[in-house]
Amino acid sequence: MRGALDCSSGNNQKTMNRAVRILRIINAEKSEFNEDQASCGKLCIRRCEFGAEEDQEWLTLCPEEFLTGHYWALFDGHGGPAAAILAANTLHSCLRRQLEAVVEGMVAAQPPMHLSGHCICPSDPQFVEEKGIRAEDLVIGALESAFQECDEVIGRELEASGQVGGCTALVAVSLQGKLYVANAGDSRAILVRRDEVRPLSSEFTPETERQRIQQLAFVYPELLAGEFTRLEFPRRLKGDDLGQKVLFRDHHMSGWGYKCVEKSDLKYPLIHGQGRQVSEWPLPRIPLKLPPTESKAPKGCSLPLCALLVHLLGLSAVSSHLPCPQARLLGTLAVSRGLGDHQLRVLDTDIQLKPFLLSVPQVTVLDVDQLELQEEDVVVMATDGLWDVLSNEQVARLVRSFLPGNREDPHRFSELAKMLIHSTQGKDGSPTGEGQVSYDDVSVFVIPLHSHGQGSSGH
């Protein structure tokens with residue numbers, strides 16, 4: 001696995017803070033662009049004047065900013081890098097617009113029923129209080145709406161350019177003393193402290209969302225076009241299983257039962273396989289069109305407050321047998337949430353995958369201001385290439401062993417990210433000493449929380 005990292009000052013961008021640097025990734029033999037993309041920067045949220053349509057470049061330090069925060073995002077593309085590139089260039093703008101639409105409610109003691117301040121019904125404040133609506137709920141809603149808006153943009157752009165593809169999305173937003181982590185896909189974020197490892201996201205795969213996917217196929221059986229069975233069996237059934245009673249699960253079942261195998265049960269399963277361990281499994285070849293050479297790759301930025309990004313680019317074998325997670329949707333995708341994939345169909349059929357995919361993220365809120373932060377407290381965000389070979393506990397051990405001995409190194413968080421990636425490559429001297437190898441691209445953010453500590457309301 002080879003890659004090159006080029007850091008430049010970004011002086012040609014007059015609107016960019018001098019302290020912000022640009023990380024450019026040079027891919028190595030996998031594709032023209034890296035399917036892992038990233039974005040980070042400062043969020044400037046302004047009060048919205050009704051009727052004003054003035055726009056502003058992201059990362060510009062706004063003289064009229066009302067609320068400020070910070071943003072980190074990782075996008076793991078599949079079917080080509082196009083969707084990940086679009087997401088890296090678009091999602092932050094969608095989020096800023098959504099936050100500006102609710103910012104007045106965010107800074108109020110309690111979000112008002114009417115943003116204009118008018119009280120139509122005297123008991124409106126009581127209704128809001130009974131619902132338990134807080135400022136953080138507005139941020140969560142803004143993140144959910146931003147993902148949906150970005151997904152629609154990607155769909156339109158890819159259709160217009162004749163390209164295909166999708167991506168997972170993992171986003172962290174630091175705002176008003178809280179860290180919001182929004183995830184749609186199988187990337188992961190964890191909080192690592194001296195005596196705690198806390199997951200900040202959950203992965204969304206065909207296996208973890210089995211019942212939702214099966215129920216959709218139950219309500220709309222036409223989505224399977226008679227080619228798949230929605231039922232789950234411990235293995236792919238064969239002709240010899242006909243007439244036998246075998247274990248199965250349907251959409252309404254968290255447990256298992258037995259059913260007599262019928263001919264329709266021999267169809268390919270809606271969800272096949274389990275777990276995320278790597279195995280050799282034949283994948284259908286889906287023809288994909290890569291972006292034209294003139295497509296512009298996004299620029300990831302490091303922040304003055306030391307949120308540092310490191311990318312590692314992997315090589316994938318050109319073969320019909322690829323190392324991949326086992327659980328797949330319609331024999332095609334290993335994720336059940338993400339952005340894009342509007343044109344994706346099962347090979348040699350008209351069966352679309354998009355109806356089964358959600359662009360809505362799950363949002364976790366970490367109240368940073370309530371933590372007694374230490375200098376070594378960090379959030380680790382990474383694409384699935386890291387988590388395929390390292391557990392939360394292994395990553396936490398590496399973090400705890402590395403940071404205390406490198407307190408004087410101003411680049412220690414960047415070096416930690418590099419070391420985590422090195423640990424996935426099975427090279428001699430790997431800190432885990434287990435020779436584990438990730439066959440996927442790996443991208444990592446290490447976000448030190450101490451610089452976001454108490455008093456960082458940003459208002």
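Q: In which loop does Thr 205 lie?
A: A friendly word on the ground rules: this is a predicted model, in which local features need pLDDT of at least 70 and side-chain atom pairs count only at pLDDT 80 or more, while totals for chains, interfaces and linings use all residues. Residues are numbered from 1 along each chain as its sequence is written, and side-chain values use heavy atoms, with hydrogens and water left out. Helices (H or I, at least four residues) and strands (E, at least two) are DSSP runs numbered from the N terminus. On that numbering, Thr 205 sits in the loop between strand 8 (196-199) and helix 5 (210-219).

Q: Is Thr 205 buried or exposed, and which residues does Thr 205 touch?
A: Buried means under 20% relative accessible area, exposed over 50%, and partly exposed in between, using a 1.4 Å probe and protein chains only. Thr 205 has a relative accessible area of 14%, so it is buried. With contact meaning heavy atoms within 4.5 Å, and not counting residues up to four places away in sequence, Thr 205 touches Asp 186, Ala 334, Val 335 and Ser 336.

Q: How many Å apart in space are Leu 344 and Leu 333, C-alpha to C-alpha?
A: Leu 344 belongs to the loop between strand 19 (339-340) and strand 20 (362-367). Its relative accessible area is 12%, so Leu 344 is buried. Leu 344 and Leu 333 are eleven residues apart in sequence, and from C-alpha to C-alpha the distance is 9.8 Å.

Q: How many residues of strand 4 are buried?
A: In a regular strand the side chains alternate between the two faces of the sheet. Leu 67, Gly 69, Tyr 71, Ala 73, Phe 75 and Gly 77 point one way from strand 4, Thr 68, His 70, Trp 72, Leu 74, Asp 76 and His 78 point the other way, and all are buried. For strand 4 (residues 67-78), the buried count is therefore twelve of twelve.

Q: How many bridges join strand 4 to strand 5?
A: Two strands pair if DSSP finds at least two bridges between them. Strand 4 runs antiparallel to strand 3 (residues 36-45), with ten bridges joining them, and Leu 67 is the bridge partner of Ile 45. Strand 4 also runs antiparallel to strand 5 (residues 166-175), where Tyr 71 partners Val 173 and Trp 72 stands opposite Ala 172. The number of bridges joining strand 4 to strand 5 is ten.

Q: Which residue in the hairpin of strand 5 and strand 6 takes a positive phi?
A: Seven bridges join strand 5 to strand 6 (residues 178-184), which run antiparallel, and Ala 169 stands opposite Ala 184. The hairpin has two residues between the strands. The positive phi, near 55°, belongs to Gln 176.

Q: What is the bridge partner of Gly 166 in strand 19?
A: Strand 5 is mostly covered, with ten of its ten residues buried. Strand 5 and strand 19 run antiparallel and are joined by two bridges. In strand 19, the partner of Gly 166 is Gly 340.

Q: How many disulfides does the structure have, and how far from Cys 94 is the nearest cysteine sulfur?
A: A disulfide here is a pair of cysteine sulfur atoms within 2.5 Å, and the count is zero. Cys 94 is in no disulfide; the nearest cysteine sulfur is that of Cys 150, at 5.0 Å.

Q: Why is the pair of Phe 228 and Tyr 268 edge-to-face?
A: Rings of Phe, Tyr and Trp (its six-membered ring) pair if their centres lie within 6.5 Å, and planes under 30 degrees apart count as stacked, over 60 as edge-to-face and the rest as tilted. The structure holds one aromatic pair. The ring centres of Phe 228 and Tyr 268 are 5.9 Å apart, and the pair is edge-to-face because the planes stand at 90°.

Q: How many residues apart are Phe 228 and Tyr 268?
A: Phe 228 has 10% relative accessibility and so counts as buried, whereas Tyr 268 is partly exposed at 22%. Their pair links distant parts of the chain, with Phe 228 in strand 9 (residues 228-229) and Tyr 268 in strand 12 (residues 268-269). The separation in residues is 40.

Q: What percentage of the 459 residues in the chain is buried?
A: The chain has eight helices and 22 strands. Residues 24 or more positions apart account for 73% of the contacts with a separation of 6 or more. Of the 459 residues, the buried share is 52%.
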